[in-house]
Amino acid sequence: TPKDQKNEDQRIASLSYIEKAGDLVGASFLSFSIYNDLYAQGKIAEANIFLEKIKLDYLDKLDENTREKYTCLAMYHERKKRQALESNDTKTILYHTELQFKNELLAKEKEKQSALNRLEDQYLYEKEQKKNKALEEKSKILYTVIYSALLVLGLLIGFLYFVHRSRERVKKQKEIIEDSMIKIKELNHKNEILLSEVHHRIKNS
């Protein structure tokens, strides 16, 4: 129908865009969708040719040993098995069935490995976060201790300075008192001499 043709044209345009972007995985999955539409429309020969194009253009170029490649290969062999079923080719059916299951198992193994890797990454991340938090707490305690020590040291220096200043003031006051006592003694001595002279003069007059 015109509507199906329009949808097919849109998907082919999208496929061209994804292919130019270098997204082989996206191109592979979209290609299988286009293949399914062709097959559903009864365009069996065209669909089979397109399936081989998928393998040559995308599947063979996908990175090896990845979940995406194994998944796409399983999809490819499932569709090749369906072709063999239509022609009742038992040997080919068994061949593609075996490869389909093999790739499905490999894809599941890769998915499990990816899940384990994600869990490991999450564990390592949380471990690192806890380690950083512990270091942060230790740093806070250390900063508090250093700040407290500096505060106590500052107070101690202030106290010692106050004591030193007090001693200096006491020393200065002592020196002033001692000087005053010396001056008083000298003045008393002069007064005694004057009194002695006065008495001497009175006596001799």
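A residue counts as buried under 20% relative accessible area, as exposed over 50%, and as partly exposed in between. The structure described here is a predicted model, and this scale is applied below to several of its residues.

**Residues in the loops**

N65 is placed in the loop between α3 and α4. Because its relative accessible area is 47%, N65 is classed as partly exposed. Its phi is near 60°, a positive value in a residue other than glycine. N88, which belongs to the loop between α4 and α5, likewise is not a glycine and has a positive phi, of about 55°. With a relative accessibility of 59%, N88 counts as exposed.

**Residues in the helices**

S28 lies in helix α2, which covers residues 24–40, and at 0% relative accessibility S28 is counted as buried. When residues up to four places away in sequence are left aside, S28 touches Y58, L59, L62 and C72. I184 belongs to helix α5, made up of residues 90–204, and its relative accessible area of 45% makes I184 partly exposed. The C-alpha atoms of I184 and K53 are separated by 126 Å, the two residues being 131 places apart along the chain.

**The contact of α3 with α4**

Helix α3 (residues 44–57) and helix α4 (residues 67–87) have axes that come within 11 Å and cross at roughly 150°, and the crossing in which α3 passes α4 is left-handed. On the α3 side the contact is made by I44, N48, L51, E52 and K55, while α4 contributes Y76, R79, K80, Q83 and E86.

**Charges and aromatic rings**

Which ring has the charged end of K55 over it? The ring is that of Y76, whose centre is 5.9 Å from the charged end of K55; K55 of α3 and Y76 of α4 are both among the residues that make the helix contact. A further such arrangement involves R82, whose charged end sits over the ring of Y39. The table sets out these placements.

| Charged residue | Ring | Distance from ring centre |
|---|---|---|
| K55 | Y76 | 5.9 Å |
| R82 | Y39 | 4.1 Å |

A pair of aromatic rings is described by the distance of the centres and the angle of the planes. With rings counted as a pair if their centres lie within 6.5 Å, the count for this model comes to 1 aromatic pair.

How values were computed:
Residues numbered from 1 in each chain as written. Predicted model: local features only at pLDDT ≥ 70, side-chain atom pairs only at ≥ 80, totals over all residues. Heavy atoms only, no water. Axes fitted to C-alpha atoms, helices over the stretch in contact; angles between N-to-C directions. Helix = DSSP H or I, 4+ residues; strand = E, 2+ residues; numbered from the N terminus. Left-handed = near helix turned anticlockwise from the far one by under 90°. Contact = heavy atoms within 4.5 Å. Phe/Tyr/Trp six-rings, centres within 6.5 Å; stacked < 30°, edge-to-face > 60°. Lys NZ or Arg CZ within 6 Å of the ring centre and 35° of its normal. Buried < 20%, exposed > 50% of the residue type's maximum accessible area, 1.4 Å probe, protein only.
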